[in-house]
Amino acid sequence: MSENCIFCKIANGEIPSQFVYESKNTVVFNDINPQAPTHLLVVPKAHVESLRELSDPALMAELLESVKAAAEKLGIKDYRTVINTGRGAGQEVFHLHIHVMAGREFGWPAG
């Protein structure tokens, strides 16, 4: 856990949040600044700064399994997943997280 990391505090229950889904090593909750009608964040419970620092293949798999499980739980069939890695790519919170967005049409480039 990183002492000042908001996602660590949410995952550890220091900041109350209603989890959409929880596994042994991940939590899924609603983004407080949604960019779509449904906008979830999938985060590891352990502090990992970004995808660049993630070296555990089992945690990688569990993160994607959590994306799928949360979408199934909410009945979402079509969704976009995004992982921003580094400030230049738009990462604002430096704790690995996967955005899961649904409920509207998405174009490409992202928009």
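Reader: Hi! Before we dig in, what does buried mean here?
Author: Hello! Buried means under 20% relative accessible area. Phe29 has 4% relative accessibility, so this residue counts as buried. Keep in mind that we are looking at a predicted model.

Reader: Good to know. Which residue pairs with Phe29 as an aromatic pair?
Author: That would be Phe7, and the arrangement is edge-to-face. The ring centres are 5.7 Å apart, with 70 degrees between the planes. A search of the whole structure finds one aromatic pair.

Reader: And which parts does the pair tie together?
Author: Phe7 belongs to helix H1 (residues 6-11) and Phe29 to strand E2 (residues 26-30), so the pair links parts that are 22 residues apart in sequence.

Reader: Is Phe7 buried or exposed?
Author: Phe7 is buried, at a relative accessible area of 7%.

Reader: Switching to the sheet: in what order do the strands come?
Author: The order is E1-E2-E3-E5-E4, five strands in an open sheet with antiparallel pairing. At the edges are strand E1 (21-22) and strand E4 (80-82), each pairing on one side only.

Reader: How many bridges join E4 to E5?
Author: Three, and the two strands run antiparallel. As an example, Arg80 has Met101 in E5 as its bridge partner.

Reader: What does H2 touch when it packs on the sheet?
Author: H2 touches E1, E2, E3, E4 and E5, and its direction makes about 150 degrees with that of E3.

Reader: Now the largest nonpolar core. Which residues touch the most other members?
Author: Out of 13 residues, those are Val28, Leu40, Val42, Leu54, Leu63, Ile98 and Val100. Strand E3 (38-44), helix H2 (57-74) and strand E5 (98-102) are the elements that each give two or more residues to this core. H2 gives the most, with four residues.

Reader: Which residues is Leu63 in contact with, neighbours within four places in sequence aside?
Author: Leu63 is in contact with Thr26, Val42, Val43, Pro44, Leu54, Leu96 and Ile98. There is also another core lying apart from the largest one, with nine residues, among them Ile10, Val27, Phe29 and Leu41.

Reader: What separates the C-alpha atoms of Ile98 and Val82?
Author: They are 5.7 Å apart, while the two residues are 16 residues apart along the chain.

Key:
Residues are numbered from 1 along each chain as its sequence is written. This is a predicted model: local features need pLDDT of at least 70, side-chain atom pairs count only at pLDDT 80 or more; totals for chains, interfaces and linings use all residues. Side-chain values use heavy atoms; hydrogens and water are left out. A nonpolar core is a set of buried Ala, Val, Leu, Ile, Met, Phe, Trp, Tyr and Cys residues joined through side-chain atoms within 4.5 Å. Buried means under 20% relative accessible area, exposed over 50%, partly exposed in between (1.4 Å probe, protein chains only). Contact means heavy atoms within 4.5 Å. Rings of Phe, Tyr and Trp (its six-membered ring) pair if their centres lie within 6.5 Å; planes under 30 degrees apart count as stacked, over 60 as edge-to-face and the rest as tilted. Two strands pair if DSSP finds at least two bridges between them. Axes are lines fitted to C-alpha atoms, for helices over the stretch in contact, and angles run from 0 to 180 degrees between N-to-C directions.
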